Amino acid sequence: MQLDKIRNWLKNNLDEERYRHVLGVEQSARELAIMFNEDEEKAALGGLLHDTAKSIKNSELLNIIDENNLPVSEEEKNSVKTLHSPVGAFMAENLFGIKDEEILNSIRFHTVGRINMSMIEKIVFLADKIEAETRDIAFRNKVLNEVKEKNNIDAGILICYGATIKSLVDRKLYINNQTIEVWNFLINSLK
């Protein structure tokens, strides 16, 4: 019942492509959870809710962050494309009553990530980048092949970080230090 309520809210509050995306992330999160023997329902819920705040304007996201004293660093505030993550976790808790910290963290860190993410966080992070509804299928296949070959989700996440950093550099956009820290952490841990 909870999933139906969430899907209905998302369908009414996101544009059609974003709604297709969150359904795709939900499905990819389920697939990855099964692959890594993790809680499929937790992963699916994090995937479904990860972009809950995506349709909110940046100025309003900043207002929600400030008004509710959400723990968002000044550096994070400079990366406006990721502000929907902390607000999305806040909304998941306050709109839908999600209390599970792992699910909330999977929403909170699905854009920038963090060092030592839980498996559910990693699953939602990766599912967001490789879902089959709106993402590039060749990239998805490349990432999934790497994950399967190495039997390590971090190998796929590293590919995603590389693509993100390259894209940000190419577009001369701000790169959050946390992104660089996670990249370096993954490089060292996969050696």
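Predicted model: local features only at pLDDT ≥ 70, side-chain atom pairs only at ≥ 80, totals over all residues.

Visitor: How many residues line the largest pocket, and which lie nearest its centre?

Guide: Its lining consists of 32 residues, with K81, K129, T164, L168 and R171 nearest the centre. By class, 11 of the lining residues are nonpolar, 12 are polar and nine are charged.

Visitor: Which helices each supply at least two residues of that lining?

Guide: They are α2 (16–35), α8 (119–130) and α10 (153–170). The largest share, six residues, comes from α10.

Visitor: What is the volume of the second largest pocket?

Guide: The second largest pocket holds about 180 Å³ of space. Among the residues lining it are L70, P71, F90 and R108. The helices α6 (84–96) and α7 (101–108) each contribute at least two residues to this lining, which comprises seven nonpolar, one polar and three charged residues.

Visitor: Let us turn to helix packing. At what angle do α7 and α8 pack?

Guide: The angle between α7 and α8 is about 35°, and their axes are 8 Å apart. Their crossing is right-handed.

Visitor: Which residues of α7 and α8 meet?

Guide: From α7, the residues E102, N105 and S106 meet M119, I120, E121 and V124 of α8. This contact has three nonpolar, two polar and two charged residues. Of these, N105 also lines the second largest pocket.

Notes: Residues numbered from 1 in each chain as written. Heavy atoms only, no water. 1 Å grid on protein atoms, 1.4 Å probe; cavity = no way out; pocket = protein on both sides within 12 Å on 5 of 7 lines; lining within 4 Å. Helix = DSSP H or I, 4+ residues; strand = E, 2+ residues; numbered from the N terminus. Nonpolar A, V, L, I, M, F, W, Y, C, P; charged D, E, K, R; others polar. Points joined across faces, edges and corners; volume = space filled by probe spheres on them. Axes fitted to C-alpha atoms, helices over the stretch in contact; angles between N-to-C directions. Left-handed = near helix turned anticlockwise from the far one by under 90°. Contact = heavy atoms within 4.5 Å.
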